[in-house]
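Okay, thanks for making time, everyone. Let me put the model up on the screen and then walk you through a few spots in it.

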Amino acid sequence: MNPLGKISAFAVSPDERWLWAASLIGNVLSVRVDGFSVEHEVAGHAGGVESVVAHPTLPYLATLAIDYTVCLWDMSAPARPRKLQTFHLRDVKVDGYDYEATLPLSCPLAFHPRERRLLTHSAS
């Protein structure tokens, strides 16, 4: 087994029927909880995924990776995640001071409980 294919983060669907796992090579896997069968695997990031979060009421999943990207996924068909958008974390310049984008040891990622809002670490 490729050690980079190991699972680095996961989230469980609100109905607890699906587990979405992410790997050190940046892939997202859809796993059916009853039997733990991998239904689908899709490439998502160029680097290892650090955080995965499922929206509690809407069919969305978000992943954050060491390649400084956050991906937003449509989970309307839970077995087949569809990438909606990739957001690039970037360096910020304020009054001549450069903040370098760095991922912390803990990479927080959270959805608003009812709305389509996503919160993540600022990368600075």
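So let's start with P56: leaving aside neighbours within four places in sequence, P56 is in contact with P14, F111, H112 and P113, where contact means heavy atoms within 4.5 Å. Before I go on, the ground rules: this is a predicted model, where local features need pLDDT of at least 70 and side-chain atom pairs count only at pLDDT 80 or more, while totals for chains, interfaces and linings use all residues. Residues are numbered from 1 along each chain as its sequence is written, and side-chain values use heavy atoms, with hydrogens and water left out.

Back to P56, then. You'll find P56 in the loop between strand 5 and strand 6; strands here are DSSP runs of E, at least two residues, numbered from the N terminus. P56 is partly exposed, at 40% relative accessible area. On that scale, buried is under 20%, exposed is over 50%, and partly exposed is in between, with a 1.4 Å probe and protein chains only. In sequence P56 and V12 are 44 residues apart, yet their C-alpha atoms are 9.8 Å apart in space.

Two strands pair if DSSP finds at least two bridges between them.

Next, strand 2. How many residues of strand 2 are buried? 6 of the 6, residues 18-23, so strand 2 is largely enclosed by the rest of the structure. Both faces are covered: W18, W20 and A22 are buried on one side, and L19, A21 and S23 on the other.

Strand 2 also has antiparallel partners. Strand 1 (residues 7-12) is joined to strand 2 by 5 bridges, with A11 standing opposite W20. Those two strands form a hairpin with 5 residues between them, and E16 in the turn has a positive phi of about 60°. Strand 3 (residues 27-32) also runs antiparallel to strand 2, again with 5 bridges, and here L19 has V31 as its bridge partner. That hairpin has 3 residues between the strands, and G26 takes a positive phi near 90°.

Last stop, charges. Side chains of opposite charge can pair when their charged atoms come close. The structure holds 4 salt bridges, each being a side-chain nitrogen of Lys or Arg within 4 Å of a carboxyl oxygen of Asp or Glu. Among them is D15 with R17, at 3.7 Å, N to O; D15 is partly exposed at 45%, and R17 counts as exposed at 51%. Another one is R32 with E39, with the closest N and O atoms 3.5 Å apart; R32 is partly exposed at 29%, as is E39 at 35%. And then there's R117 with E115, at 2.9 Å, N to O. There, R117 is exposed at 53%, while E115 is partly exposed at 35%.

That's my tour, so over to you for questions.

Conventions: Helix = DSSP H or I, 4+ residues; strand = E, 2+ residues; numbered from the N terminus.
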